[in-house]
Each structure stands twice: as C-alpha cells, then as structure tokens.
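Please find below my notes on the model. They run from the overall form of the chain to single residues and pairs.

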Amino acid sequence: MVLVALFVTLIPTTIGALLSAIGIAGMDRLVRFNVLAMSGRAVEAAGDVDTLLLDKTGTVTFGNRLATEIIPVPGVSEREAAEAARLASEADETAEGRSIIALVREKYGVQRQPVSDGAKFIEFSAMTRLSGVDICGRRKLRKGAIESVIAFAREQGGHNLGESPQFRMAVDKIARSGGTPLALTDGARLLGVIHLKDVVKRDVKERFTELRRMGIKTVMITGDNPVTAAAIASEAGVDDFIAEATPEDKLRYIRNEQAQGRLIAMCGDGTNDAPALAQADVGVAMQSGTQAAREAGNMVDLDSSPTKLIEVVEIGKQLLMTRGALTTFSIANDVAKYFAIIPAMFVAFYPQLQVLNVMGLSTPQSAILSAIIFNALIIIALIPLALKGVKYRPIGAAALLRRNLLIYGLGGIVLPFVGIKAIDMAVAALHLV
C-alpha cells in the first residue's frame, strides 16, 4: 500500500489530468467566436502557425471597393468614357459594378437606359479578369484588369495599346495610392481608366504587429497588380504579399513554406480555394462559401468573417501558452514533492537523509497521506485555470519561458512545501495516522 501511494503521489498526475481540460477549453473558446473545429489537432496547429495567408479584400481592407473617378485617355471625352463604363457595368451586380453606375450618374450625369435586345453581357471570371457587353456585334465594351483588357483590345486589332504616357501615368497614380485601376476599352480602342478605391481597416496594422512579435509572418494575397498590392501591403503592415495570385500560386506558396518546416494558416470560401485549404495546416472555410471549401478546411467560420483567422491563431497560441504554464508548474510541483516526501519516508533506514527533511514532517505515514491529499487538491485548484487559460500576450518564446519559470516554476516549487506541511500539521493534530 505504501508503494502504491508513493507511486500515485510521485507520477506527474497534475498535467496528465489537466491536458484534456485544456484541449476542451480551447475548442470551447473557438465556439464562442462561432468557429467550429473539426478536430483538436487543428486548434493545436493554430498555436504553432508560422505563416498567415490573408486575402486582401474583406480581411486587410473593408472589401467595398467603390469607383471614385474615370480618367479618359487623350482624345476621349469624360462623357464618352462614362457612357462606355455604364454600358459595360449594366449586368455587373457586384459592389464595384453598382458603384460605377452610381458614379457616372452622380458625377457625369449619365443616366441608366435600357440596353438593346441584341446585347450579350460578359460576366467577370477569375480566368478572364474582365467583364462587359457586346452590342449587336458592333461594339465590344470591356472593363477589368489592365493587362487583360489590353490583351483583349489587341485581339480586336489594337496596336501600341498601353504605351500612352498619360494612360500609364493614370494607372501608376491609382496603383501607388492603393487603389485598383480598371482599364476600359471599346473593341480595339482604349478609352481610359476607372479608379476603384478600397480602404485598409484601421486596426489591422496593430494586430499584424502583435503577430509579428510572436514570430508569425503575415502574407497578403490579392489579384491586384504588384504596384497596388505593394501600396496596400505597406499601409497595412504585412510582411509580404502575392500579387495577381491564382489558385495555383496559393497552393505552390503553401507547399514551398511547408517544405521549409513552417506551419501555414489560411482562409477561403470558393471552390478555387479548396486545394489550398486542404493543403494548409489550419484551413478556415467560410460558412457562406462552397461545399468544396467547407469540406477541404479543418475549421468552419459560421459568421463567414475572414478576420476570424487572427482570432483562431490567438486562441491556439493561448492554448499552447496555458499548456506550457501548467506543464512548468507540474514539473516544479513534482520535483518539490520528491524533496518533501522521500526524506521523510526513508530517514529511518538512511539517517543521512535527515538533512533533506527540511519540512520536518511528522511521520512517514503522515507524509504519504499529506502528499496524496495535496495531490488531489492541487488538481482541483488548477482546473479553473486550465478552462479559462492564461492571459494571452503577444510575446516571444524567450520572454514566455522566463515568465513561466518565474510565476509557475517558482510557484510550483514553493506551493507543495507550504501545502504539504500545512496538511501534515492538520493530520498530526487530528491524529489521523
């Protein structure tokens, strides 16, 4: 019985009993943020993330890009460019398309009019990166990414397109301001540039700074041209960016990072994001996204908010910080118990151990009973901390280790001496052994 009691007392029961509580608490905190984790491993991986992939639209910026001006090329009037932009946006139900209609009506006085019955609307796609309308085979109006529209105009017989100094100056000016330039063409004739303006969220720079302190690299993914992407990335404070990104680019980047031993987290909502979500160590799919995206990710955000990825990483970090703190306490607690119990139990056989009996426990039987009672009480006392978690702080590993050693390491050494001695005095006073 003495050996069994000694075994129960000295094995690291504290952290073993609390590990499951720490994991359950981490998943519960995710649920409070309306994020469902498919497995506990996903929550743990979130705490070890090295690189965070974030879509620009809706995450770094508000995502409601609005048209603010139309800059015509020389030889084209503002009215003509505005009328062409209206026709090219008639079937565009996106926020950008509706904002173009509103701009040409309010700023240029161009009112919406029915398009002829023979019109064929061209919807935007990630492959073509342009949209527009064909009117009775006579006019082919397109708006979209600069290079895509120029390539379309060349197919229609245009020459020396995009080489106009005024056109390039307008494109560069918009891109350097962080806006998105959309080229506008009527067949082979380039008409001008539409300025779409997006606004960086006010708090993202501070949050990215916190993640950087924890050693997490932030990478912005966007379909914008490199100049616009660089301007937004600089304003938002991200570490790197991928411009004009395709689904293949995302997947290739994730695999390259993982090949170097890094853990990757990303969010997505489309079918084209599914391969990257499946490849990432932490893939957060939007509830409003496609079925393929939800099945590929290992987490689902019920609010469909891409910024949740930052909260997910913070919760994962908090889970690991809690586990590290309680592990430090458990190791220190067990070491202290060894010094408290073993001398008291074997001093009768080895009198030399009396110098280590600093607690002066009453009897070996009292030492065993006091240690068992303390062992049971300390697990119960630590359950609230395991469930609540230690306070999240964006500090590095070295600072975190010093903090754990100072608070939980020192506390784990002192508390058993005080607790076991107090219980031993109570046991002796009550004559329980």
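The numbered points below concern a predicted model.

1. Overall form. The protein chain holds 15 helices and 13 strands. Its radius of gyration is 32 Å, well over the 22 Å that the globule rule gives for 433 residues, so the chain is more spread out than a compact globule. Along the principal axes, the C-alpha atoms fill a box of roughly 105 × 40 × 35 Å.

2. Of the 433 residues, 49% count as buried. The chain exposes about 20,500 Å², and carbon and sulfur atoms supply 60% of that area. Among contacts with a separation of 6 or more, 65% are between residues 24 or more positions apart.

3. Strand β9. Residues 217-221 make up this strand, and four of the five are buried. β9 runs parallel to strand β2 (residues 51-55), to which five bridges join it. On its pairing with strand β10 (residues 240-242), there are three bridges, and the two strands again run parallel. V219 of β9 figures in both pairings: L53 stands opposite V219, and V219 stands opposite D240 in β10.

4. Helix α6 and its surroundings. In α6 (residues 146-155), the buried residues are I146, S148, V149, I150, F152 and A153. They pack against β5, β6 (139-144), α7, β7 (180-186) and β8 (189-197). The helix is followed by G157, which has a positive phi near 105°.

5. V171. This residue is found in helix α7 (residues 165-176). V171 counts as buried because its relative accessibility is 5%, and the cut-off for burial is under 20%. Leaving out residues up to four places away in sequence, V171 touches I146, P181 and V193. P181 is ten residues from V171 along the chain, and their C-alpha atoms are separated by 5.9 Å.

6. Most residues other than glycine have a negative phi. N34 has a positive value, near 60°, and R129 has a positive phi of about 60°. N34 is found in the loop between α2 (13-32) and β1 (35-37), while R129 lies in the loop between β4 (119-122) and β5 (130-135). At 31% relative accessibility, N34 counts as partly exposed; R129, at 25%, also counts as partly exposed.

7. Salt bridge R323-E44. The count for the model comes to 13 salt bridges. In one of them, R323 pairs with E44, with the closest N and O atoms 3.5 Å apart. The pair links distant parts of the chain, as R323 is in helix α13 and E44 is in helix α3 (residues 40-47), 279 residues apart. Both ends are partly exposed: R323 has a relative accessible area of 22%, and E44 has 28%.

8. Salt bridge R139-D186. The side chains of R139 and D186 meet at 3.0 Å, N to O. R139 lies in strand β6 and D186 in strand β7, so the pair ties together parts that are 47 residues apart in sequence.

9. Salt bridge D273-K250. Here the N to O distance is 2.7 Å. D273 lies in the loop between β11 (264-268) and α11 (274-279) and K250 in helix α10 (residues 247-259), so the pair ties together parts that are 23 residues apart in sequence. D273 counts as buried at 3% relative accessibility, and K250 counts as buried at 10%.

10. A salt-bridge network. E83, R86 and E90 are linked to one another in a network of salt bridges.

11. Nonpolar surface patch. Which residues form the nonpolar patch on the surface? They are I331, V335, Y338, F339, I342, F346, F349, Y350, V355 and L356, with about 970 Å² of accessible area together. L356 is found in the loop between α13 (308-346) and α14 (364-388). At 39% relative accessibility, L356 counts as partly exposed. This value meets the patch criterion, because patches are made of residues with over 30% relative accessible area and no salt bridge.

Note on methods
Residues are numbered from 1 along each chain as its sequence is written. This is a predicted model: local features need pLDDT of at least 70, side-chain atom pairs count only at pLDDT 80 or more; totals for chains, interfaces and linings use all residues. Side-chain values use heavy atoms; hydrogens and water are left out. Patches are made of residues with over 30% relative accessible area and no salt bridge: like charges are joined within 9 Å, nonpolar side chains (Val, Leu, Ile, Met, Phe, Trp, Tyr) within 5 Å. Accessible areas come from the Shrake-Rupley method with a 1.4 Å probe; for residues, only the protein chains shown count as cover. A salt bridge is a side-chain nitrogen of Lys or Arg within 4 Å of a carboxyl oxygen of Asp or Glu. Buried means under 20% relative accessible area, exposed over 50%, partly exposed in between (1.4 Å probe, protein chains only). The radius of gyration is taken over C-alpha atoms; the globule rule is 2.2 Å times the number of residues to the power 0.38. Contact means heavy atoms within 4.5 Å. Two strands pair if DSSP finds at least two bridges between them.
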